[in-house]
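Work through the exercises below with the sequence and the structure at hand. Try each task before reading its solution.

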Amino acid sequence: MRKTLAAMGAIVGILGIQSAAAQSPTTVQGLRWMAGCWELRAGPRVIHEQWMTPLGGLMLGMSRTVVRDTAREFEHLRIESRGAETSYIARPSRQAEAVFPAITLTDTLVIFSNPSHDFPQRIIYRARGADSLVARIEGDQNGQARGMSFPMRRVSCGALPPP
């Protein structure tokens with residue numbers, strides 16, 4: 001039995017086959033850490049972002065920014081894997097859809113980039129423990145390097161936020 005297991009291990013090693021847990025994440029499945037509901041509160045402004053768990057090579061998301069009692073912005077989002085490429089697709093309120101292919105994808109960080117987009121050119125998500133993440137947008141705008149970070153904490157999905 002030990003010889004059989006050793007032989008199977010050698011074959012797996014020769015063929016370069018690894019278990020899913022041992023592989024570096026390269027598809028939307030590797031972004032499970034983003035799934036859930038996230039919130040940023042800054043004075044009268046509240047930003048909520050929600051991501052469904054990856055399934056079928058797809059994560060669906062949405063974002064909403066409310067200032068006092070007025071929705072200022074919203075965004076329909078998705079992250080999808082097609083073959084070897086994983087992309088972030090955003091459709092902000094009153095704007096055309098934009099696609100940002102992933103250039104870095106680890107178990108705590110993902111960087112999406114589209115150098116030809118007006119602003120932002122990069123969208124970054126970084127896990128900070130189980131209950132917080134930082135979303136960041138950055139790029140060049142009118143010849144100036146710009147960036148904005150959005151530190152968010154995990155919140156209960158579907159629950160009304162406190163006033």
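**Exercise 1.** Which residue in β5 does Leu77 stand opposite?

Solution. The model is predicted, with local features needing pLDDT of at least 70, side-chain atom pairs counting only at pLDDT 80 or more, and totals for chains, interfaces and linings using all residues. Residues are numbered from 1 along each chain as its sequence is written, and side-chain values use heavy atoms, without hydrogens and water. Start with the elements: strands are DSSP runs of E, at least two residues, numbered from the N terminus. Strand β4 covers residues 70–82 and pairs with β5 in the antiparallel sense over 8 bridges; to pair, two strands need at least two DSSP bridges between them. Leu77 stands opposite Ala90. Finally, look at the turn: 2 residues lie between β4 and β5 in this hairpin, and Gly83 there has a positive phi of about 65°.

**Exercise 2.** Find the bridge partner of Ile89 in β6.

Solution. Strand β6 (residues 98–105) runs antiparallel to β5, joined by 4 bridges. The partner of Ile89 is Val99. Between these two strands of the hairpin are 5 residues, and Arg94 takes a positive phi near 60°.

**Exercise 3.** Why is strand β5 described as largely enclosed by the rest of the structure?

Solution. Then count along β5, residues 85–92: 6 of its 8 residues are buried, so the strand is largely enclosed by the rest of the structure.

Technical notes:
Buried < 20%, exposed > 50% of the residue type's maximum accessible area, 1.4 Å probe, protein only.
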